[in-house]
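Please read the following note with the structure open beside it.

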Amino acid sequence: MKQFISFIRKEFYHIFRDRKTMLILLVMPIVQIVIFGFALTNEVKNSKFSVLDNAHDAASAALIQQLDASQYFELQSNLHSYNDISEAFKKGTIKLAVVIPEHFSDDLEHQNKAQVQLVADASDPNVANTLVNYAGAVILDYQDRITQDKKLPYTINTEIRMLYNPQLKGAYNFVPGVMAMVLLLVCTMMTAITIVKEKEMGTMEIMLVSPLKPLLIIIAKAIPYLLLSIVNIISILLLSVFVLDVPINGSIVLLMSESILFTIVSLSLGLLISTGASSQQTAMFISLVGMFLPTVMFSGFMFPVENMPKPLQIISNIVPAKWYYIIVRSVMIKGVGIEAVWKETLVLFGMMLFFLGMAFKQFKIRLA
Amino acid sequence: MGNEKVITAEQLTKRFGDFVAVDAISFEVSKGEIFGFLGANGAGKTTAMRMLCGLSLPTSGKATVAGFDVFKQNESIKKKIGYMSQKFSLYEDLTVKENIRFYGGIYGKSDSFIKEKTEKLLQQLHLTNEANALVRSLPLGWKQKLAFSVAIFHEPDIVFLDEPTGGVDPVTRREFWNMIYEASARGITVFVTTHYLDEAEYCNRVSIMVDGKIEALDTPAKLKEQYHAESMDEVFLQLARKATRSDG
Amino acid sequence: MPAVTVDHITKTYGTKKSIVTALDDVSFHVEQGELFGIIGPDGAGKTSLFRILTTLLLADKGNAVVDGNDVVKDYRSIRNKVGYMPGKFSLYPDLSIEENLAFFATIFNTTVSENYHLIKDIYEQIAPFKDRRAGKLSGGMKQKLALCCALIHKPTVLFLDEPTTGVDAVSRKEFWIMLKGLKQQGITILVSTPYMDEASRCDRVALIQGGKILQINTPEGITQQFGRKLFAVKSANMLDLLHQLKSINGVQDAYPFGEFHHVVLKEGVDNITMPPNTVSKEVKPDIEDCFIALMKNNG
């Protein structure tokens, strides 16, 4: 046990004494989340929208006026037919179209119920979703205002149409996505590099000649990165909740446990890479090209997996980040419990066992 | 060996902050001379050599190499010198021929010059059959001889050799020195550092650096006389033991 | 029981197309408490041999026993009791002297104080810099620290792979004095070196070249077996002299040797007429002369 603790302490010395490692480990995750966060919130300010107002009555005018007045939207033009909508989207002049049906005022007053259609350009799903959410909120606001002095509440149903990307991905994609990316980077790449570094320095030779058990070397190498990853998960979640207003709707304990599971999967991948790589460059290259790119491509964070060709969809199943991404979105955004994500959890667990098993099998008790 | 001086250094100094790595060294090297440059680890050999090769700017003093000023004309110096070190000299993943071609190309030699000289060189080194073999596959001694040939391929005025024979077997080591003698006979000045003190005896003159200063400079015979020593080994130990910073 | 027994060890690397034989049927043994030198140039197979003996590498053929344990079957027990200093001084450059030593002590299940007597003489030389990071040390200091780290668990057999390579002559001398001290404490030491002049400091040496052992004997024993007359010759023009010497009848070999050329006479030849204007004297061969002779016989 003393050997073990001493080994871990040594690992922390390595980490704390290298500014570059510290930067990658602790600063980069925060920078990433902030960049992604603000890039997203900036984009929806003063978004251009057009109106196809088939009603031309007092209520529709008031609604349009309220949308225009909000900081998120700016009225671009009035349209005259349904075809104009797709024209405007194709030209790229607007990001949202609001369709108000005939007899809008009448419907509200007599039936207490009216329809509004929101059409968004969902080729950029994050932006589209945010815009629709914001527009929905403005309309709700309007509805509350006109309901105040009425006995029966008015209801405006918003019907949403997402153009170009009907299976829209959520707006808070990036938080789960960045979590997956950061954990993968920290655990897989850094662990692989740190073990290979010992090979390069020749200290691995002494470790192997020492009474230390290979299992102990591997675990001791991985533990500091596990601990740092937990710090990263917590800081990302704190930033998400308090700076980016992304809610955690589900159980925090569940979210943390799933994240730790994914961390261990990434660590075992890093260990597996380190057993095969003989130089730090190789380890870095395999981690980046072999792990990082597939994560960005196939996790569903950047590009919706459902829209990919079938073969790619099948490939995406072997990317651990895909499963983690589904779990985090479900727990964090949808707020569901383990009963909804047990399958994905099981997949990750299986991957962990597989990678760890492979890593131990591959780890050489000798040099060649 | 003529009287023409190809290296002159006068009060040449290099400081890194408060640390004086090379402390006002002065010496001259003649054309065709084999000049041994000895010193313990950390005595300042490498720094001095880097200044002379035009890789590092001196803090103060004066020096010329092949007639060029190390302060202002370091690019011209680089064309007139060859360099070989134990650590890096050849590309292991290129073939023998490719390495020669590459270095010839760096120094702007014409294709016909390179072609002609490559054939000659391969014959001299008995490497004609290995011309298309990867350098990686050659024994260390052959690599070192090839590296030296490559370093003088462009007929430089001076060749700097940084521990060229480390780890090489005694027979190949002598073959290597034979090549040094031949280069020197052709008028190439050889500036060499080594850890093998018997090799110091092969030099025309030897300088020994201690704590950044040149403590002794003369022919091996005169140095031995001066320090009442049987061998250069003893001379070196007497001087190097005075060092205060070699191990700090 | 010998401390180390090497029995017909062969080790090759590479694929079928290009096989490199690192060790070719090597056998020898090292007695308890002996200071045994393995002397040969780079690529002779020294490192492969050390790695096989420290259980890091498996031989293709043959067995080896270290301190009573088979290097393949009982590798765990060997790892508990040998000390190993690989060719590169394998230290953590970002840890201080003190931290490196403490770390290596704990991974070998011991503490610095427990075996301090063993390293005291060596450690005291570097102790003034104990807070300095290992990456900032000079070659000689790194070498001393690496030796302390290899000794800290009181190994029964100590393997030192080229401990003096790249270290200056002063540190090399000091290092051999340290080894002598360790030998007196009863530790068996195997040390490899490319420097022929270090052979005389060992009890026995094995000369190795191209994976083959050329000879094993005491340093004196090796030089006594030289069996030919050897002269040291010098003149004003050494390069010309060498060519002249080689062309003389009765000369087996001539090569530069320090300030002289060494001239080896053919077997049975007692004397030759030296070229004019030369200084010559008969000398005793040293290990380097023997190595050159053995290399040329084998090649």
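Is Thr203(A) buried or exposed?

1. Thr203(A) counts as buried, at 0% relative accessibility. Here buried means under 20% relative accessible area, exposed means over 50%, and partly exposed lies in between, with a 1.4 Å probe and protein chains only. Thr203(A) belongs to helix H8 (residues 203-209) of chain A; helices (H or I, at least four residues) and strands (E, at least two) are DSSP runs, numbered from the N terminus. Apart from its neighbours within four places in sequence, Thr203(A) is in contact (heavy atoms within 4.5 Å) with Glu198(A), Ser90(C), Leu91(C) and Tyr92(C).

2. On the basis of the note: this is a predicted model, in which local features need pLDDT of at least 70 and side-chain atom pairs count only at pLDDT 80 or more, while totals for chains, interfaces and linings use all residues. Residues are numbered from 1 along each chain as its sequence is written, chains are lettered from A and ligands numbered from 1 in the order in which they are written, and side-chain values use heavy atoms, with hydrogens and water left out.

3. Two helices of chain A deserve attention. Helix H10 (residues 252-276) and helix H13 (residues 320-334) of chain A pack at an angle of about 170°, and their axes are 10 Å apart. Axes are lines fitted to C-alpha atoms, for helices over the stretch in contact, and angles run from 0 to 180 degrees between N-to-C directions. H10(A) is therefore roughly antiparallel to H13(A), a label given to angles over 145 degrees; those under 35 count as roughly parallel, 65 to 115 as roughly perpendicular and the rest as oblique.

4. Which residues meet at this contact of H10(A) with H13(A)? Those in H10(A) include Leu254(A), Phe262(A) and Leu269(A), and those in H13(A) include Tyr324(A), Ile327(A) and Val331(A). The residues of the contact comprise 12 nonpolar, one polar and one charged. Ala, Val, Leu, Ile, Met, Phe, Trp, Tyr, Cys and Pro count as nonpolar, Asp, Glu, Lys and Arg as charged, and the others, Gly among them, as polar.

5. The next topic is salt bridges. A salt bridge is a side-chain nitrogen of Lys or Arg within 4 Å of a carboxyl oxygen of Asp or Glu. In one of them, Glu175(B) is joined to Lys145(B), with the closest N and O atoms 2.6 Å apart. This pair links distant parts of the chain, Glu175(B) being in helix H6 (residues 170-185) and Lys145(B) in helix H5 (residues 140-151) of chain B, 30 residues apart. Glu175(B) is partly exposed at 34% relative accessible area, whereas Lys145(B) is buried at 15%.

6. In chain C, Glu124(C) and Lys120(C) form a salt bridge whose closest N and O atoms are 3.4 Å apart. About one helical turn separates the two, because they are four residues apart in helix H4 (residues 116-126) of chain C. Glu124(C) is partly exposed, at 41% relative accessible area, and so is Lys120(C), at 36%. Elsewhere, a network of salt bridges links Arg173(B), Arg174(B), Asp198(B), Glu199(B) and Glu288(C).

7. Finally, consider strand pairing, which requires that DSSP find at least two bridges between two strands. In chain B, strand E1 (residues 5-16) runs antiparallel to strand E2 (residues 19-30), joined by eight bridges. Lys14(B) stands opposite Val22(B) in E2(B). The two strands, E1(B) and E2(B), form a hairpin with two residues between them, and Gly17(B) in the turn has a positive phi of about 65°.
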